[in-house]
Amino acid sequence: KSASSSQQSANNPVSTIPELDLSKKAFKEAVVRHLHSTLGTDENKANNHAWFKAASAAIQELVLNRLRKTQKSHYLNDTRAVHYFSAEFLMGRLLSNNMHNFGLFETAQAALQELGVDLTDVLEEEPDMALGNGGLGRLAACYIDSLATMDYPAIGYGIHYEYGLFRQEIKNGAQIERPDNWRDYGNPWEICRPESIQEISLYGYVETKYGKKGQIQKEWHPGAIVKGLPWDIPVVGYGGKTVNVLRLWESQASGYFNWDVFNAGGYVDAERENVEAETISKVLYPNDETEAGKELRLIQQYFFSACSLKDIIRRYKRAHGDDWSRFTDQVVIQLNDTHPAIAIPELMRILVDRAELDWDSAWEICQNTFAYTNHTLLPEALEKWPARMIEKVLPRHLEIIYEINHRFLSEVEKKWPGDNLMKAKLSIIEESNEKMVRMGNLSVIGAFAVNGVAEIHSRLVKQNLFPEFDALYPGKLTNVTNGITPRRWLKACNPLLSDLISKKIGNDWPLHLSKLDDLSTLADNKTFQNAFMRVKQKNKDALAKEIKQLTGISVDTKAIFDIQIKRLHEYKRQHLNLLHILALYRRLLENPDYEMHPRVFIFGAKAAPGYALAKTIIYAINKVADKINADVRVNQKIKVVFLPNYRVSLAEKMIPAADVSQQISTAGKEASGTGNMKLALNGALTIGTLDGANIEIAEEVGDDNIFIFGNTVEQVEALTARGYNPYDYYYNNKEIKAVLDWLDSDYFTPGQPGELSPLKQSMLDGGDPYLVLADFESYSEANIRLDEAYKDKTRWAKMAILNTAKMGKFTSDRSIEDYVSKIWKLEKCGIE
Ligand code: GPK
């Protein structure tokens, strides 16, 4: 088998599109042409940024060629398509990705070299498109990559934020937020489409009228109209055949503001009169897994949902006129969390008020159009809007929501006659002090499919979050385990490992990731182990340089590179990692001969600007880092590094260099995780809890190749049910007490005792809601097992290889195939 496949060159271009000239000569000419005619400079004057622009423009020519062909094909074949509605798309950089997907990376590298330019430096010029917070936004980006790669007709719909996620600086250990001006020097990929502007309405009032047959008709007289200007980002599939688009809406003033309504009716606060339409798409809300509850956020959600629906309907009508009977054959809309759930009443409004369909026909269309993905069980993330706020911003939608709810509650009455508690629980409306609209309930009722994002999470969605809905709608709730694109997260970010793999098993693994399993037979092979670990070492050397440059910290590249990268959140328990670091520090101080392999603990994390404790944890990590890194008694054994401004492009540098992947959330809290998959794919070993996709990763790699610790979901439930008391652990475990008390001193914050006390407090009087203390001992033991394993080089190499080999399941291509077969029912549309 390997005889023929190993002859395939690792660097073969993947793209064989006949009509495109993918030669070095053609690329070189295109770059120079753009340098001259697009950038207005020349080879001698151009700086790296100009080269970046010119190289991108050269690639964009190919992209747009394939985009035209794709759109023509989809149009001629009148294809059914998925419309992925997401408030976030965390795309990162596109140049390297697009080069890889056209099979042009090596060609471009060589061409630029002949022009005296280093591609690596050029790639560094591209700002990340950080139009998302974390996992949810990055998942959307991986999914549109897979959809294009597998030739599925698909379009991503979102918001063209002027400012993406804030840039993080660390000053004296603390996080500072700075604006993210990602488009300051223009974006070479986006295409402005003024010909497809849409207008949407806000505010105003609803008039009840009587139609010719005496039927009640509703007319919404809006108070303001806002324009949505679409920007298209081409999404290039691997192999470069299909190019789909991500369509992002920018808000603009329409010039229409109904002053009469405002002055006469008093329907709207006076401050409303100053609303500027442009602010709608100004900034991404930096909250991850917490609901913002702000009116502007509701308007953002409605703005992009309504623009997108209009866009879909315009396209549908071009082919089918006013015949709605085929709408659900052509259109499926995936709601990425509840952020776009307002699209459900919006489609009802269009069908009932505008198209004048009867309610039941409209509802049937609606219920066959939407599917909803749930990404969390955390109560603080489940969106609820005050009914009053919806009434003010979208008065007709509130009426429609009430009508949906009224009809829904009579279904509940049929199933559970007389059960008013059940009705209160399932109702879209929460009858609290302030009436609230529950977007989760609305989504489950309005969608034909609801999925969680890992097996355990989907089980908990059924058992704990929506058990009654599961009884009412059998089969509606399902699972699609998350995935990641191996093109970005192995091929492009880890070229050394990719080439090694391709030499052994051929170069089609980026499209068929299960082929990585062929590496399993090499896990015991000494030569391959050496080659694999040599690659890891080179990646660690490269990251060490980056660390030095970004922080000034020197690290021992022979140490274990132990990495925790994800948003900062208590449930993700960066503070458990930190407590363990403090424990090691104490052990080393008390016993300088304490036996452990040198280890570098590396963090990357942004905290929501309003999340005080998360910011304290960042501060604590940095203060502990300062102390440990300067303490010659221990800094041959441990170092701590916090890399500022964690983002997609930094992840691409960190992940290939990781020996250890920290996935240590409280069991039941992390819906899936996707960083866990990226790290294991790149040969890092996981130390983790039985939570989210860790469980499925453990199933794939086997218990011998992962370090599992901590309370299980059942144990967490039992522990909290019988009354968890963190003081039990504080008083019974000397080490826990010592490290927590350390936080009260000024040891880490000289002259400022108490700065870190809120962290201690959260784990004692605060009740330790995420059971850090309950899992500490088990975590500490798992770390000892890990340390032992690392000392055995052969054993570690084997484990690392097996992690890479067994990650086939977690390609986002598999996730997309699951969505297609379970939910979307799409057919591929090959392009020429
Ligand atoms: C879940 F609810 C949310 C949210 O608001 N933002 C977000 O990134 C994450 N998520 C989950 O926390 C992860 O476990 C999961 O892998 C990711 O969504 C994608 O499903």
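Analyst: The secondary structure of the protein chain consists of 33 helices and 25 strands; helices (H or I, at least four residues) and strands (E, at least two) are DSSP runs, numbered from the N terminus. With a radius of gyration of 27 Å, close to the 28 Å that the globule rule gives for 832 residues, the protein chain is as compact as a globular protein of that length. The radius is taken over C-alpha atoms, and the rule is 2.2 Å times the number of residues to the power 0.38. The C-alpha trace spans about 90 × 70 × 50 Å along its principal axes.

This is a predicted model, in which local features need pLDDT of at least 70 and side-chain atom pairs count only at pLDDT 80 or more, while totals for chains, interfaces and linings use all residues. Residues are numbered from 1 along each chain as its sequence is written.

The domain assignment gives domain 1 (83-93 + 128-482 + 817-824) and domain 2 (553-809); such bounds come from an automatic or database domain assignment. The contact between them takes 36 residues from domain 1 and 30 residues from domain 2, where contact means C-beta atoms, placed from the backbone, within 7 Å. On the side of domain 1 that touches domain 2, the elements giving two or more residues include strand S2 (89-92), helix H7 (135-149) and helix H17 (455-465). That side divides into 12 nonpolar, 15 polar and nine charged residues. Here Ala, Val, Leu, Ile, Met, Phe, Trp, Tyr, Cys and Pro count as nonpolar, Asp, Glu, Lys and Arg as charged, and the others, Gly among them, as polar. The centres of domain 1 and domain 2, taken over C-alpha atoms, are separated by 36 Å.

Now the ligand. Both domain 1 and domain 2 give residues to the shell around the ligand, so the ligand lies between them. There are 18 residues around the ligand, and Gly135, Leu136, His375, Thr376 and Ser672 come nearest; a residue is near if its C-beta atom, placed from the backbone, lies within 6 Å of the molecule. The shell has five nonpolar, nine polar and four charged residues.

Helix H7 also meets helix H33 (residues 812-824): their axes come within 9 Å and cross at roughly 75°. Axes are lines fitted to C-alpha atoms, for helices over the stretch in contact, and angles run from 0 to 180 degrees between N-to-C directions. H7 and H33 are therefore roughly perpendicular to each other, a term for angles of 65 to 115 degrees. Cys142, Tyr143, Asp145, Ser146, Leu147 and Thr149 in H7 meet Ser812, Asp813 and Ile816 in H33. By class, this contact has four nonpolar, three polar and two charged residues.

Definitions and conventions:
Contact = placed C-beta atoms within 7 Å. Parallel < 35°, antiparallel > 145°, perpendicular 65-115°, else oblique.
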